[in-house]
Amino acid sequence: MLKRILLAVSAIVLTSNVFAATNRPSGYTTICKLDQTCSVSQATNVAFGASGKFVYKVLSGSFVCNVATFGSDPNPSKSVKECSIPKDGSSSSSSTSSSSSSSSSSSSSSSSSSSSSSSSSSSTSSSSGGISGSSCRSTGSTSVSSTIRVTSGTYDGKCKTFNPTSALGDGSQSESQKPAFRVENGATLKNVIIGNNGVDGIHVYNGGTLDNIHWTNVGEDAMTVKSAGAVTVRNIEAYNGSDKFIQVNAETDLKVSNCIVDNMGKFLRQNGGKTFRINVQVSNCQISNMKEGIFRSDSPNATARITNSRVRNAGKVCIGTWKSCSSSGLTSY
């Protein structure tokens with residue numbers, strides 16, 4: 001009987017430890033919990049969530065650990081969530097409730113100001129020239145059961161979180177998934193948060209602009225250039241893709257600026273085995289945790305260049321065959 005009791009107690013303790021661990025990603029350590037104010041002393045990839053479901057954002061200084069800061073709720077069924085950082089990250093934390101101290105009031109005021117500014121038409125880099133990614137904080141959510149087509153002009157998502165349903169796909173690596181948005185003929189899509197089921201992200205046909213977009217959890221790819229045309233991508237951030245951030249399936253002049261991209265297979269991949277021309281220019285970006293590298297192509301007609309950007313654990317800059325592929329002004333962080 002005593003042996004059975006000891007085994008039962010051990011099982012309970014083990015279960016408790018496993019559950020606790022799932023409130024932060026592997027290799028992360030908790031710095032504060034929901035609605036508490038915490039801080040990081042440098043730009044750090046912070047995870048927010050519980051029970052194995054997380055969204056990520058690169059933050060610095062003080063912030064409140066809540067949905068307003070991170071733009072979406074990764075696990076609405078859980079009332080207790082945590083903010084955590086990589087174990088080698090530099091931070092300090094506060095367990096002060098955001099409603100009970102002057103420092104948390106200041107943080108709340110800052111969060112409110114950020115939320116207010118997020119409904120503006122586009123995001124901008126910080127005045128110090130830093131990399132800020134998307135400025136959107138979620139203003140609400142809506143389900144997407146069929147692809148939203150932007151065929152002309154500008155579609156302003158007003159910083160809502162668009163949650164693709166299973167009708168579009170399951171967020172896996174299946175090639176049969178549909179995109180949440182389809183941008184065509186030089187149109188602009190701006191101020192959008194794509195929720196945790198990233199499906200096949202955003203498709204661009206005949207050129208277009210993506211401005212102030214936040215992918216909380218990339219599915220098959222974050223975005224794909226589907227047919228020839230010039231594409232501009234700016235003020236964006238994306239997290240947790242098994243394969244590519246950008247897939248290029250057609251001739252294009254692609255410019256990407258002011259971006260934060262973390263935890264992907266590759267930053268960009270030209271369609272394998274194809275030799276059409278692409279010209280890729282990436283600047284003022286922060287790229288981290290690429291499993292393979294930044295650029296990959298099999299085309300002797302392809303060019304790519306990344307400048308004035310920060311990288312960490314990003315692998316090789318240029319993989320495969322290129323007409324030219326280079327970097328300048330890269331710093332590690």
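These legends walk through several close-up views of the predicted model shown above.

**Before you start: how to read the views.** This is a predicted model, numbered from 1 along each chain as its sequence is written; local features need pLDDT of at least 70, and side-chain atom pairs count only at pLDDT 80 or more, while totals for chains, interfaces and linings use all residues. Side-chain values use heavy atoms, with hydrogens and water left out.

**View 1. The whole chain, before we zoom in.** The chain holds three helices and 22 strands; both are DSSP runs numbered from the N terminus, with helices being H or I runs of at least four residues and strands being E runs of at least two. Of its 333 residues, 48% are buried. Here, buried means under 20% relative accessible area, exposed means over 50%, and partly exposed is in between, using a 1.4 Å probe and protein chains only. The chain exposes about 14,100 Å², and carbon and sulfur atoms supply 47% of that area. Accessible areas come from the Shrake-Rupley method with a 1.4 Å probe, and for residues only the protein chains shown count as cover. Contact is used for heavy atoms within 4.5 Å. Among contacts between residues at least 6 apart in sequence, 54% join residues at least 24 apart.

**View 2. Ser-134 in its loop.** Look for Ser-134 in the loop between α3 (102-117) and β6 (141-144). Is Ser-134 buried or exposed? Ser-134 counts as buried because its relative accessible area is 2%. A polar atom of its side chain lies 3.1 Å from the backbone nitrogen of Cys-136.

**View 3. Aromatic rings meeting edge-to-face.** Rings of Phe, Tyr and Trp (its six-membered ring) pair if their centres lie within 6.5 Å; planes under 30 degrees apart count as stacked, over 60 as edge-to-face and the rest as tilted. By this rule, there are eleven aromatic pairs. One of them joins Phe-162 and Phe-181, edge-to-face at 5.2 Å centre to centre, with 75 degrees between the planes. This pair links distant parts of the chain, with Phe-162 in strand β8 (residues 154-164) and Phe-181 in strand β9 (residues 181-184), 19 residues apart. Phe-162 is buried at 4% relative accessibility, and Phe-181 is buried at 0%. Why is the pair of Trp-215 and Phe-245 called edge-to-face? Their planes lie at 90 degrees and their ring centres are 5.5 Å apart, so the pair is edge-to-face. Trp-215 sits in strand β12 (residues 208-215) and Phe-245 in strand β15 (residues 244-248), 30 residues apart.

**View 4. The largest nonpolar core.** A nonpolar core is a set of buried Ala, Val, Leu, Ile, Met, Phe, Trp, Tyr and Cys residues joined through side-chain atoms within 4.5 Å. In soluble globular proteins, nonpolar side chains tend to be buried together. The largest core here has 52 residues, and those touching the most other members are Ile-202, Trp-215, Met-223, Phe-245, Phe-267 and Phe-295. Strand β17 (residues 278-298) gives the most to this core, with eight residues. Ring pairs also link Trp-215, Phe-245, Phe-267, Phe-295 and Trp-322 into a cluster. Leaving aside neighbours within four places in sequence, Phe-267 is in contact with residues including Val-256, Val-282, Met-290 and Gly-293.

**View 5. Gly-293 and a glycine neighbour in space.** Gly-293 is found in strand β17 and is buried, with a relative accessible area of 0%. How many residues apart in sequence are Gly-293 and Gly-315? They are 22 residues apart in sequence, yet 4.2 Å apart in space, C-alpha to C-alpha. Leaving aside neighbours within four places in sequence, the contacts of Gly-293 include Gly-265, Ala-314 and Ile-319.

View 6. Asn-263, in strand β16 (residues 252-270), has phi near 65 degrees, a positive value in a residue other than glycine. Asn-263 is partly exposed, at 27% relative accessibility. Asn-313 has a positive phi of about 50 degrees and lies in the loop between β19 (310-312) and β20 (316-321). With a relative accessible area of 55%, Asn-313 is exposed.

Note on methods: A polar contact is a pair of N or O atoms within 3.5 Å; within protein, one must be able to donate a hydrogen and the other to accept it, and residues adjacent in sequence count only if both atoms are side-chain atoms.
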